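Please open the model in your viewer and keep the selection tool at hand. The tour goes from stop to stop, saying what to select and what can be found there.

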Amino acid sequence: MRKKEDLPECPVATTINLIGSKWKLLILRELISGPKRFNVLKNSLEGISHKVLTESLRSMEHDGLIMRKIYETRPRSVEYSLTELGMKLQPLLSEMESWGNFYKTHLINPMLKPI
């Protein structure tokens, strides 16, 4: 896990620093529903490369957002899930989903008045 002094002073910047990439947000979205194996994640994230998924998962594990469980099977399989800290992001992701839906509706119906 990162040290507090290594993080930006601003809490919003800290959040962006930890989960601000497109792929990390989408990985979190997939893991909210429960643990997933590497290939299941890769198949659910259209366009992500093996390398980027691996790097993103390692980074999120290092930051304490996800955990990796290794099954000693042949071939060996790995499962990823959110930690308790990672689960705290669920309301944020739900709000992002709601806002995205609102935005799409607003684009479809430009007569909607701003809030």
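Select V12 and I16, the exposed residues carried by the face of α1 that is turned away from its buried side, where exposed stands for over 50% relative accessible area, buried for under 20%, and partly exposed for what lies in between (1.4 Å probe, protein chains only). Helices such as this are DSSP runs (H or I, at least four residues), numbered from the N terminus, while strands are runs of E of at least two. This is a predicted model, in which local features need pLDDT of at least 70 and side-chain atom pairs count only at pLDDT 80 or more, whereas totals for chains, interfaces and linings use all residues. Residues are numbered from 1 along each chain as its sequence is written, and side-chain values use heavy atoms, with hydrogens and water left out.

Now turn to the other selection in α1, which spans residues 11-19, and pick T14, L18 and I19, which are buried. Seen down the axis of α1, the buried residues fall within an arc of 100°, so they line one face of the helix; the arc is that of the directions from the helix axis to the C-beta atoms.

Next, go to helix α6 (residues 90-108) and select W99 and Y103, which are 4 residues apart and therefore separated by about one helical turn. An α-helix has 3.6 residues a turn, so residues three or four places apart point the same way.

How are the rings of W99 and Y103 arranged? The structure holds 1 aromatic pair, and the ring centres of W99 and Y103 are 5.3 Å apart with their planes at 15°, so the pair is stacked. Rings of Phe, Tyr and Trp (its six-membered ring) pair if their centres lie within 6.5 Å, and planes under 30 degrees apart count as stacked, over 60 as edge-to-face and the rest as tilted. W99 counts as exposed, at 55% relative accessibility, and Y103 as partly exposed, at 39%.

Select K22 with W23, where the charged end of K22 sits over the ring of W23, 4.5 Å from its centre, and then R37 with Y71, where the charged end of R37 sits over the ring of Y71 at 5.0 Å from its centre. A charge sits over a ring if NZ of Lys or CZ of Arg is within 6 Å of the ring centre and within 35 degrees of the ring normal.

The last stops are the salt bridges, each a side-chain nitrogen of Lys or Arg within 4 Å of a carboxyl oxygen of Asp or Glu, and the count comes to 3. Select E30 and R29, whose side chains meet at 2.7 Å, N to O; E30 is buried, with a relative accessible area of 16%, while R29 is partly exposed at 43%. In helix α4 (residues 50-62), E55 and K51 are 4 residues apart, and their side chains meet in a salt bridge at 3.9 Å, N to O. Finally, select E61 and R68, whose salt bridge is 3.6 Å, N to O; E61 counts as partly exposed at 30%, and R68 counts as partly exposed at 41%.
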